[in-house]
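Biologist: I'd like to learn how to read a model like this one, feature by feature. Could you walk me through it?

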Amino acid sequence: MWRLLIISALTALTWADTDRGQGLLARFGETGDPRLAATALRIFALEKKVDVIKQKLHDADKFDPAHFVSELDSLVTRAEGNGCADRQFQCGGSDRECISDLFVCDGHNDCENDHDEDDDVCSTDAVKAGNVFTGTVTWHSCLPIEDRVTRIAIIGTKRVKFFTSRVRVTAQISVDHVEGADHHVETNTFTAAGFFNFGTRRLVLFPGAGKLKNVGVVCEFNRGDNERADCTLGYKASKNTCAHALLHLQD
Amino acid sequence: MMLPFFLVLVLAVGAFGDADYKHDDEECCSAEDRREIQYIWKRVWAHSFTDRKVAIARAIFEDIFDHQSDAKKLFTRVHVDQPDSGEFRAHLVRVANGLDNLINLLSSPAVLVEQLKHLAHQHEARQGVTKAHFEAMGSAFARVLPQVSSCFNVEAWNRCFYRLAKKVSANLP
């Protein structure tokens, strides 16, 4: 019994590198009750363990399995297709059903499983006014433009109550480009108008003027969250693709 | 001594670099531009009846005559004074079909080059046709076509049209 107490006291001593620990040890050493001192040491060891667990919780926050799974799920869905035609929405679940994307989030249950009115399907978090998405746009055709850091800031939304399956979106698209001999950064800003489609999870924007006048921007929130979007820039008429970007929500 | 020389070199390279970029930007009729124009063109000519072609071509000619008053007398041979006459309408259809031909050839450059040479000879044979007339024709298209087609890409159209027009009017005064 005494040997165990000595061992635990030694362990506690090696652990007790803080002032608080040494103070405790000294105080209980004075009382002279070995059982009380042993309990104090155990409590102190437990406190240390709790601290370690707290640190682990903090680290675990960086790993979100649910988020990871939902991202993987949407990537697999994208790769295998969902069996629905263009402009259709897959209700999901075990019995597959396609409905028109005009019926998604219109306030009426059109899917057998009511998935078209689910809260996560109808979340407007992706296009909240104030959201700023940023990334680098890489042009591969159409116009001779270098890779440029581009931001899409949602500056206004409107959802008319008699047609809720779309959110009308006003955005500001700003493009950084390096100019002049001193390589300073200049920013071009265009105002763009478009809409968000819940069924396809696509934000479509048309810059009204400037160099991008004939270009449409299609951002698909296909990464399982409302924070990252795969964007394609292409000609409005023929839908030829010109540029790509992966945009993510700025903190 | 070395530094100023270096600066001059850098500035010169910078200037040429910019010039090259601008040149490309204004003149290059990219593959995507050509596809875009072919796509839009199909929708401008939504059906094969001549009424639509005549109406659009007439609007374009009126725009040219508004901006280049001396151009009108070049077409007396096809009765430009009687715009509803069969002769003038037939001429409008010929112009529209000629352009239709060029746009369809945008995907086969070798044939397009020969066709452009042929068109150039045809226009050289007409006294009084100038480079300025072709410029006016380009601006006329850029003004009229956006009115008959939604999502009309004026920039892509201009980039490609002026390249075509330059070839046709190369030997004109």
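Biologist: What share of the 251 residues in chain A is buried?

Modeller: Ground rules come before that: this is a predicted model, where local features need pLDDT of at least 70, side-chain atom pairs count only at pLDDT 80 or more, and totals for chains, interfaces and linings use all residues. Residues are numbered from 1 along each chain as its sequence is written, chains are lettered from A and ligands numbered from 1 in the order in which they are written, and side-chain values use heavy atoms, with hydrogens and water left out. Now, buried means under 20% relative accessible area, exposed over 50%, and partly exposed in between (1.4 Å probe, protein chains only). In chain A, 36% of the residues are buried. In chain B, 39% of the 173 residues are.

Biologist: And which secondary structure elements does chain A have?

Modeller: Helices (H or I, at least four residues) and strands (E, at least two) are DSSP runs, numbered from the N terminus. Chain A has four helices and ten strands, and along the sequence the pattern is α-α-α-α-β-β-β-β-β-β-β-β-β-β. Chain B has seven helices and zero strands.

Biologist: On to charges. Which residue forms a salt bridge with Asp33(B)?

Modeller: Side chains of opposite charge can pair when their charged atoms come close. The cut-off for a salt bridge is a side-chain nitrogen of Lys or Arg within 4 Å of a carboxyl oxygen of Asp or Glu. Asp33(B) pairs with Arg159(B), the closest N and O atoms being 2.7 Å apart. Asp33(B) lies in helix α2 and Arg159(B) in helix α7 of chain B, so the pair ties together parts 126 residues apart in sequence. Asp33(B) is buried at 0% relative accessible area, and Arg159(B) is buried at 10%. Over all chains, the whole structure has 15 salt bridges.

Biologist: Why does the salt bridge of Glu155(B) and Lys213(A) join two chains?

Modeller: Their side chains meet at 3.5 Å, N to O. Glu155(B) lies in helix α7 (residues 154-168) of chain B and Lys213(A) in the loop between β7 (202-207) and β8 (215-220) of chain A, so the pair joins two chains. Glu155(B) is partly exposed at 31%, and Lys213(A) is partly exposed at 30%.

Biologist: Last one: which residues form the nonpolar patch on the surface of chain A?

Modeller: Patches are made of residues with over 30% relative accessible area and no salt bridge: like charges are joined within 9 Å, nonpolar side chains (Val, Leu, Ile, Met, Phe, Trp, Tyr) within 5 Å. Accessible areas come from the Shrake-Rupley method with a 1.4 Å probe, and for residues only the protein chains shown count as cover. Here the patch is Phe68(A), Val69(A), Leu72(A) and Val76(A), with about 380 Å² of accessible area together. Phe68(A) lies in helix α4 (residues 65-80) of chain A and counts as exposed at 53%.
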